Structures are given as C-alpha cells and as structure tokens.
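The following exercises concern one structure. Please work through each task before reading its solution.

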Amino acid sequence: MNEHVTVNDAAPVKAVPTLPDAQTVTSVKHWTDRLFSFRVSRPQSLRFRSGEFVMIGLMGENGRPLLRAYSIASPSWDEELEFYSIKVQDGPLTSRLQHIQPGDEIILRPKPVGTLVHDALLPGKRLYFFATGTGIAPFASLIRDPETYENYDEVILTHTCREVAELEYGRQLVESLRDDPLIGELVGDKLKYYPTTTREESPKMGRITELLKSGQVFEDLGIPPLNPETDRAMVCGSLGLNNDIKEILEAAGLREGANSDPKEYVVEKAFVG
Ligand SMILES: Cc1cc2nc3c(=O)[nH]c(=O)nc-3n(C[C@H](O)[C@H](O)[C@H](O)COP(=O)(O)OP(=O)(O)OC[C@H]3O[C@@H](n4cnc5c(N)ncnc54)[C@H](O)[C@@H]3O)c2cc1C
Ligand SMILES: NC(=O)c1ccc[n+]([C@@H]2O[C@H](COP(=O)([O-])OP(=O)(O)OC[C@H]3O[C@@H](n4cnc5c(N)ncnc54)[C@H](OP(=O)(O)O)[C@@H]3O)[C@@H](O)[C@H]2O)c1
C-alpha cells in the first residue's frame, strides 16, 4: 500500500472559472445616466482597422458568454481599447456592463470586422462622418487615426443627439485632439465638428437630415453641397437615420461601397432595433 500522499493525490481542487478571451478594465467614465465609456487592456495580437467593431461581453448566468457588437472607439495605434456604451436598463448585457469597475474582466473576441473603414471608400477630398447617439463610437476611432488626415483635406464630424449632455463625450474628444502630441498637428484645422440636438436647446438644433436638406450644414461650415467627385461619407446611427441619410447621399450621386467594392459612402448600424 502506498503511504506517500502527495499534493497531486489530494481531492481535485475545484477549478476557478476563468473568462475566455478576458481583458481587464482599466478605467470607466459615466457621461449621463444612459451613457458611459471604458477602457480595457488590448490583446497583444489584436490588429484592427480604425472604425471596425468586435464582440464584447460578460459571462451569462447560464455559464455562456453574453456578447454584443461594439465599435472600437480608440484608434488602432492605442495601447488600450476604448468603448463608448449605452446603458439599457433592462438590456441583457448593458444592465450589467454599466456596473464594471477598473480591475474587472470582460470578454473580448479578437475578430474585428466592419464597413466603416478607409479601404471601403474611393479616394476623395472631403470626408463626412454622420453619427447619432452612440454611433459616434467608430468615428471616435477614425478621428484619431492619422490616415484620416493623410487621405483627406477636410474631415466633417456631425453628431446629433436628443440632449446636450449626450454630446459631451464627442465634444471633449474633439477638443482634446487639437493639443494631442501624436496627431494634433496632423488634425490642424482639417477637422470640423458639427454637433446638433433635437430635444434640448443648444446652439444648433435639428436633425442632421433636415440640416442637410435645407443646405444649412453647408452654409454653417462654408463648404459646397455634396459632390460625388470630391465627397466621401461614413454613416452610423439608428436604422431610421441610416436610411434617411442614404437617401440624401444617393440623391447627390454618391454610391454605397463595401470592403470588397469601394465607392463613395459606407453605412453601419449603431444598434439593432
Ligand atoms: C455593428 C454594431 C456596433 C455596435 N456598437 C455599439 C457601440 O459602440 N456602443 C453601444 O453602446 N452599442 C453598440 N451596439 C449595440 C450593442 O451591440 C448592444 O445592442 C447594446 O450594448 C445593448 O445591449 P443589451 O444586451 O443591453 O441590449 P439589447 O437587447 O442588445 O438591446 C435592447 C434595445 O436597446 C436599444 N439599444 C441597443 N443598443 C443601443 C445603442 N447603442 N443606442 C441606443 N439604443 C440602443 C435597442 O432598441 C435594442 O432593441 C452596436 C451594434 C451593432 C450591430
Ligand atoms: N435619449 C434618451 O433620453 C432616451 C431616454 C429613454 C429611452 N430612450 C430610448 O433609447 C433608444 C435610443 O435612443 P437614442 O436617443 O440613443 O437614439 P435615437 O432615438 O436614435 O436618437 C438619437 C438622435 O438621432 C435623431 N434621429 C433619430 N432618427 C432619425 C432619423 N431618421 N433621421 C435623422 N435623425 C434621427 C434623434 O432625433 P429626434 O429626437 O428628432 O428623434 C436624436 O437626436 C430609443 O428607443 C429611445 O426610445 C432614449
């Protein structure tokens, strides 16, 4: 009989569950009761093109990952990854995700995809980013990407939200770019920011679609109307916004492109529903 009992012979220790594809939360900032942003560690092997999205989430109560699509809001050169998120009070993921703290882990599937990328557009002079709500997330990445300013003479970011506080994440980001040691000089005066609200008084009121149709945007920014020869666009908002902007872009002669077939504009949904 073997009397030597080693640690290995002891009753098996219950395995501590570890998250698959875990990344660590490094910071969290709450912007309103419906919006927050957070940063996480970046998998060393993760390469992505600014504007793409990944699947992120938490472990579900059934022991299976609960994942949702999220645009990466940080640029591809950043050491960490940033996300900008809605808080849906009864949303399966964000009812829980909104409570993350630095040091917590989230799941991040390192397979970036998406259509809001430079490769899906033909060369042009002026690039429009049209966003509503959290649809600004992919553009938060693209406006920090040197390629954006190398490829275009002028970059116009429009952001429409219901209320003024919902613009703050984008406003602070744009403001910080001018003094950014890495790309501040490249950005220079090229980036024009056009924030509007629809349900709270602000310096510029109205849906971007109406402001485009009336020509107000062009008047305010001192630029010519949409022109398929020079202008390119990326669109990210609700299904309604996306469809309405598409109609305006098509009427101006711009055609929808894709990774495999670059044209004058590309569109992605900011959320389903
Ligand atoms: C390509 C793509 C990229 C996305 N990127 C982001 C992102 O960067 N940030 C982000 O917050 N969400 C993003 N989403 C939405 C995200 O995938 C989830 O829907 C969101 O996190 C809510 O998850 P949930 O499980 O709490 O609720 P869900 O069951 O997914 O959604 C419940 C309802 O909440 C509403 N809703 C969901 N997301 C939003 C939103 N972002 N803004 C306004 N209303 C919403 C819709 O009406 C939806 O039916 C993206 C979706 C797609 C398809
Ligand atoms: N934001 C809030 O305070 C709030 C609060 C509770 C619940 N919710 C729910 O959350 C969901 C998402 O709300 P959200 O405010 O993040 O996104 P949203 O409803 O898509 O609105 C974001 C912005 O886009 C504008 N917009 C919507 N459809 C448009 C279109 N077809 N063309 C041009 N502009 C358009 C809106 O203008 P309009 O204002 O003119 O629609 C608003 O300024 C909705 O189902 C909403 O009911 C929102």
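**Exercise 1.** Determine how many residues surround ligand 2 and which are the closest.

*Solution.* Step 1: a residue is near a molecule if its C-beta atom, placed from the backbone, lies within 6 Å of it. By this criterion, 15 residues surround ligand 2, and the closest are Thr132, Gly133, Thr198, Ser238 and Gly240. This is a predicted model, in which local features need pLDDT of at least 70 and side-chain atom pairs count only at pLDDT 80 or more, while totals for chains, interfaces and linings use all residues. Residues are numbered from 1 along each chain as its sequence is written, and chains are lettered from A and ligands numbered from 1 in the order in which they are written.

Step 1: helices (H or I, at least four residues) and strands (E, at least two) are DSSP runs, numbered from the N terminus. Two or more residues of the shell come from each of β8 (154-161), α6 (208-213) and α8 (239-251). The largest share, three residues, belongs to α8.

**Exercise 2.** State the order of the six strands in the open sheet, and identify those at its edges.

*Solution.* Step 1: two strands pair if DSSP finds at least two bridges between them. The order is β4-β3-β6-β1-β2-β5, with antiparallel pairing.

Step 1: β4 (65-71) and β5 (80-86) each have a single partner strand, so one side of each is left without a neighbour in the sheet.

Step 2: take one pair as an example. β3 (residues 53-59) and β6 (residues 105-113) are joined in the antiparallel sense by four bridges; Met55 stands opposite Arg109 in β6.

**Exercise 3.** Describe the pairing of β8 with β7 and with β9, and the burial of β8.

*Solution.* Step 1: β7 (residues 126-132) runs parallel to β8, and seven bridges join them. Arg126 has Glu154 in β8 as its bridge partner.

Step 1: β8 also pairs with β9 (residues 191-197) in the parallel sense, over seven bridges.

Step 2: seven of the eight residues of β8 are buried (20 or more other C-beta atoms within 10 Å of their own, with C-beta atoms placed from the backbone).

Technical notes:
A residue is buried if 20 or more other C-beta atoms lie within 10 Å of its own, exposed if 12 or fewer, and partly exposed in between; C-beta atoms are placed from the backbone.
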